[in-house]
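Visitor: Hi! Could you walk me through this one while I have it on screen?

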Amino acid sequence: NLLNFIGPANQAMQQYPEMMEHIFILNAPLSFRVIWAIISAIVPKITLEKISVVPQSRMYTKLSERIPDHVLPEEYGGQYTIPMSNDSPERKLQEFVKTLKST
């Protein structure tokens with residue numbers, strides 16, 4: 001659910017506004033992009049500059065602008081090959097994204 005993402009992301013940006021360098025939203029479904037187009041009209045410009053909604057066709061290009069290949073996971077076109085642990089925040093986020101894709 002989109003609101004499950006927006007709430008925590010908004011809270012994190014309010015509590016730690018300068019700690020969040022950039023957010024990439026990858027492979028967002030059409031419904032998200034439509035809602036984002038509406039929501040982005042009221043999001044402050046400084047925050048909008050920190051968020052990229054990236055289609056799969058431009059994923060590596062956009063990610064590699066900010067993330068070096070040696071730390072970018074292979075599944076995103078990088079060279080990082082160390083598997084994530086099952087209890088890592090990255091794994092939990094990956095599982096969350098899978099549930100979104102299956103709905």
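**Salt bridges, core and confidence**

Visitor: Let's start with Glu21: buried or exposed?
Guide: Glu21 is exposed, with a relative accessible area of 59%. Buried means under 20% relative accessible area, exposed over 50% and partly exposed in between, using a 1.4 Å probe and protein chains only.

Visitor: Good. What kind of model is this?
Guide: This is a predicted model, in which local features need pLDDT of at least 70 and side-chain atom pairs count only at pLDDT 80 or more, while totals for chains, interfaces and linings use all residues. Residues are numbered from 1 along each chain as its sequence is written, and side-chain values use heavy atoms, with hydrogens and water left out. As for pLDDT, that is the predictor's confidence in each residue, from 0 to 100.

Visitor: And what's the mean pLDDT of the chain?
Guide: The mean is 81, and 79% of the residues reach 70 or more.

Visitor: Which elements have the lowest and highest mean pLDDT?
Guide: Helix H1 (residues 2–15) has the lowest, at 64, and helix H4 (residues 59–64) has the highest, at 92. Helices (H or I, at least four residues) and strands (E, at least two) are DSSP runs here, numbered from the N terminus.

Visitor: How many helices and strands does the chain have?
Guide: Five helices and two strands. Going from the N terminus, the order is α-β-α-α-β-α-α.

Visitor: Back to Glu21: which residue does it form a salt bridge with?
Guide: With Arg66; the closest N and O atoms are 3.5 Å apart. Arg66 sits in the loop between H4 and helix H5 (89–102) and Glu21 in the loop between H1 and strand S1 (23–26), so this pair ties together parts that are 45 residues apart in sequence. Arg66 is partly exposed, at 42% relative accessible area. By salt bridge I mean a side-chain nitrogen of Lys or Arg within 4 Å of a carboxyl oxygen of Asp or Glu.

Visitor: How many salt bridges does the structure hold?
Guide: Three. Another one joins Glu65 to Lys62, with 3.6 Å between the closest N and O atoms. Glu65 is exposed at 53%, whereas Lys62 is partly exposed at 22%. Then there is Glu95 with Lys98, where the closest N and O atoms are 3.7 Å apart.

Visitor: How many residues apart are Glu95 and Lys98 in helix H5?
Guide: Three, which puts about one helical turn between Glu95 and Lys98. Glu95 is partly exposed at 38%, and Lys98 is partly exposed as well, at 47%.

Visitor: What does the search for aromatic pairs find?
Guide: One pair in the whole structure. Phe32 and Trp36 are stacked, 6.2 Å centre to centre with 5° between the planes. For pairing, rings of Phe, Tyr and Trp (its six-membered ring) need centres within 6.5 Å; planes under 30 degrees apart count as stacked, over 60 as edge-to-face and the rest as tilted.

Visitor: Where do Phe32 and Trp36 lie?
Guide: Both lie in helix H2 (residues 30–39), four residues apart, or about one turn of the helix. Phe32 is buried at 9% and Trp36 is buried at 17%.

Visitor: How much of the chain is buried?
Guide: Buried residues make up 22% of the 103 residues.

Visitor: What about Ser52, where does it lie?
Guide: Ser52 is in strand S2 (residues 51–54), and it is buried, with a relative accessible area of 13%. Setting aside neighbours within four places in sequence, Ser52 is in contact with His22, Ile23, Phe24 and Ile25. Contact means heavy atoms within 4.5 Å.

Visitor: Last one: where is Thr81?
Guide: Thr81 is in the loop between H4 and H5 and counts as exposed, at 52%.
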